[in-house]
Amino acid sequence: MRIAVASGKGGTGKTTVATSLALSLAADSAQVGSASNPPLFLDCDVEAPNAHLFLKPTFERRQEVGLLIPHVDEAKCTHCGKCAEVCQYHAIAVLGKKVLVFPQLCHGCGSCTLICPEGAISEVPDVMGMLEGGTTASGIAFARGVMNVGEPMATPVIRQLKKWAVPRPDQIVIMDAPPGTSCPVVESVRGADFLLLVTEPTPFGLHDLKLAVQVGRELSIPMGVVVNRDGIGDHGVDDFCETEGLPILMRIPFERAIAEGVAQGKPLVDIHPEYMAQFQQMLMRIAKGVSSSAADITSDKSNPLFEVTVLDFKRKLTQKQIP
Ligand code: SF4
Ligand code: SF4
């Protein structure tokens, strides 16, 4: 089972949730379904990876990552322009008697190499960053990508990270996605069995949650929501989740001790160990929900994920009735 943790914007507590989810699973002696613990954790936020600050892995292996980009042998080139015509990304241009390659735009598709009638193009590696893998003290297999400064494309690094860090057949994978809803997020959550969306109950949080939900729907991934900093803001996120049939799986209160602890690099379950049981229960609900179809999750009232929505809805009604 692959669980992607994402949010429509940065700073919502996505990594706080993802890392405590992994720690709670690693500490859970009662296995989730047929899964074996601990999980594999992938930090897909390759432009600004920070999950290692909370999980503190020891890195044991590293590998450079990048793309094969074209190199033109000017002696063979006849400047026919076919390479520039075939490139969908405008990464190669023929200007008079000169062929220019723009590595920052190249997607490494190899089309120009294939089409060149003179065999003037060869492929050379362009290193974009590093993949690093290791293990944490609690046995979590940890892997992350780290992009070189100035590299514009995160997607190839994320794609190769997901291929490089291979889970055991029965191992749960937790993927910490980058913030936002752009291509790196889509690449991170693609193939996930469940998308856990972390948001905050504010108009900004709601706006970006809506965008993230659209991504999940486009990819047909079942979703659930964690409301972080619960207690600030308004009921907009609750109302949206209720209308859209999105289960709210957990609420983390707005609390100074949590903010201070997270700022010091402490996982949430270290700050408040009682949250571990909540994360473990959430994992059980997700595992049961994943075994149902996405449609079942929002329409089947016997589904444990739906139960949470109903409970939250009742709780909100109760809150509204309080004068
Ligand atoms: S396709 Fe080959 S021969 Fe034609 S311009 Fe490009 S590199 Fe030169
Ligand atoms: S490898 Fe693909 S993206 Fe890169 S220059 Fe050639 S055709 Fe363009």
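**Exercise 1. Describe how helix H1 and helix H11 meet.**

Step 1: The axes of helix H1 (residues 14-26) and helix H11 (residues 275-290) come within 9 Å and cross at roughly 90 degrees. Helices here are DSSP runs of H or I with at least four residues, strands are runs of E with at least two, and both are numbered from the N terminus. Axes are lines fitted to C-alpha atoms, for helices over the stretch in contact, with angles from 0 to 180 degrees between N-to-C directions.

Step 2: H1 is therefore roughly perpendicular to H11 (65 to 115 degrees; under 35 is roughly parallel, over 145 roughly antiparallel, the rest oblique).

Step 3: H1 brings Ser20, Leu21, Ser24 and Leu25 to the contact, and H11 brings Tyr275, Met276, Phe279, Gln280 and Leu283. Residues are in contact if their C-beta atoms, placed from the backbone, lie within 7 Å.

Step 4: Sorted by class, these are 6 nonpolar, 3 polar and no charged residues. Nonpolar covers Ala, Val, Leu, Ile, Met, Phe, Trp, Tyr, Cys and Pro; charged covers Asp, Glu, Lys and Arg; the others, Gly among them, are polar.

A word on the model: it is predicted, local features need pLDDT of at least 70, side-chain atom pairs count only at pLDDT 80 or more, and totals for chains, interfaces and linings use all residues. Residues are numbered from 1 along each chain as its sequence is written, while chains are lettered from A and ligands numbered from 1 in the order in which they are written.

**Exercise 2. Is Met250 buried or exposed, and what is it in contact with?**

Step 1: Look for Met250 in strand E11 (residues 248-253).

Step 2: Met250 counts as buried because it has 22 C-beta neighbours inside 10 Å (buried needs 20 or more, exposed 12 or fewer, partly exposed lies in between).

Step 3: Leaving aside neighbours within four places in sequence, Met250 is in contact with Val226, Gln278 and Met282.

Step 4: Asn228 is 22 residues away along the chain, with 8.3 Å between its C-alpha atom and that of Met250.

**Exercise 3. Trace the pairing of strand E6.**

Step 1: E6 (residues 121-135) pairs with E3 in the antiparallel sense over 14 bridges; pairing needs at least two DSSP bridges. His71 has Ser122 in E6 as its bridge partner.

Step 2: E6 also pairs with E7 (residues 141-147), antiparallel over 7 bridges, where Leu131 is partnered by Gly145.

Step 3: E6 and E7 form a hairpin with 5 residues between them, and Gly139 in the turn has a positive phi of about 90 degrees.

Technical notes. Two residues are in contact if their C-beta atoms, placed from the backbone, lie within 7 Å.
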